[in-house]
Amino acid sequence: MLTARSIALFAVAALLEIGGAWLVWQGVREHRGWAWIGAGIISLGAYGFVATLQPDAEFGRILAAYGGVFVAGSLAWGMVADGYRPDRFDVIGALICLAGVAVIMYVPRR
């Protein structure tokens with residue numbers, strides 16, 4: 001059950017961080033304005049809070065593992081929000097990152 005909770009928290013964190021960064025991007029680069037930027041900043045702050053809810057207490061481990069989630073999530077966000085089509089090397093790289101997440105977070109330790 002802790003693993004399922006951890007995976008769900010990583011998914012929520014990815015939505016908040018990637019979504020927040022995308023909102024800031026849209027506000028600045030696509031000239032959508034301060035409301036988009038403000039929403040992005042709020043979302044990025046919420047991401048920081050959600051990361052603290054992980055069952056593991058090691059900050060470095062959580063953020064290192066989240067890096068792999070961020071890579072895969074960013075590619076998925078680009079596909080959904082911007083019509084980006086990853087090539088096979090993007091997909092392979094994302095799968096390698098997710099394998100790293102699994103090793104860092106979920107391999108039993110003594």
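At what angle do helix 1 and helix 3 pack, and how far apart are their axes? They pack at about 55°, with the axes 9 Å apart; an axis here is a line fitted to C-alpha atoms, for helices over the stretch in contact, and angles run from 0 to 180 degrees between N-to-C directions. That makes helix 1 oblique to helix 3, on a scale where angles under 35 degrees count as roughly parallel, over 145 as roughly antiparallel, 65 to 115 as roughly perpendicular and the rest as oblique.

Before going on, a word on what you're looking at. This is a predicted model, where local features need pLDDT of at least 70 and side-chain atom pairs count only at pLDDT 80 or more, while totals for chains, interfaces and linings use all residues. Residues are numbered from 1 along each chain as its sequence is written, and side-chain values use heavy atoms, with hydrogens and water left out.

Helices (H or I, at least four residues) and strands (E, at least two) are DSSP runs, numbered from the N terminus. The C-alpha trace spans about 50 × 35 × 20 Å along its principal axes.

Back to helix 1 and helix 3. Their crossing is right-handed, meaning that the near helix is turned clockwise from the far one by less than a right angle, with anticlockwise making it left-handed. On the helix 1 side, the residues in contact (heavy atoms within 4.5 Å) include F10, I18 and W22, and they meet partners in helix 3 including Y66, F70 and W77. By class, this contact has 13 nonpolar, four polar and two charged residues; Ala, Val, Leu, Ile, Met, Phe, Trp, Tyr, Cys and Pro count as nonpolar, Asp, Glu, Lys and Arg as charged, and the others, Gly among them, as polar.

Now look at helix 3 (residues 59-82) against helix 4: the angle is about 155° and the axes sit 8 Å apart. The two are therefore roughly antiparallel to each other, and their crossing is left-handed. Helix 3 contributes residues including A65, G68 and A72, and helix 4 answers with A94, C97 and L98, among others. That contact divides into 13 nonpolar, one polar and two charged residues.

Helix 1 also packs on helix 4, at about 130° with the axes 12 Å apart, which makes helix 1 oblique to helix 4. Here T3, S6, I7 and F10 of helix 1 meet V101, M105 and Y106 of helix 4.

Helix 1 gives the largest share of the lining, three residues. By class, the lining has six nonpolar, three polar and three charged residues.
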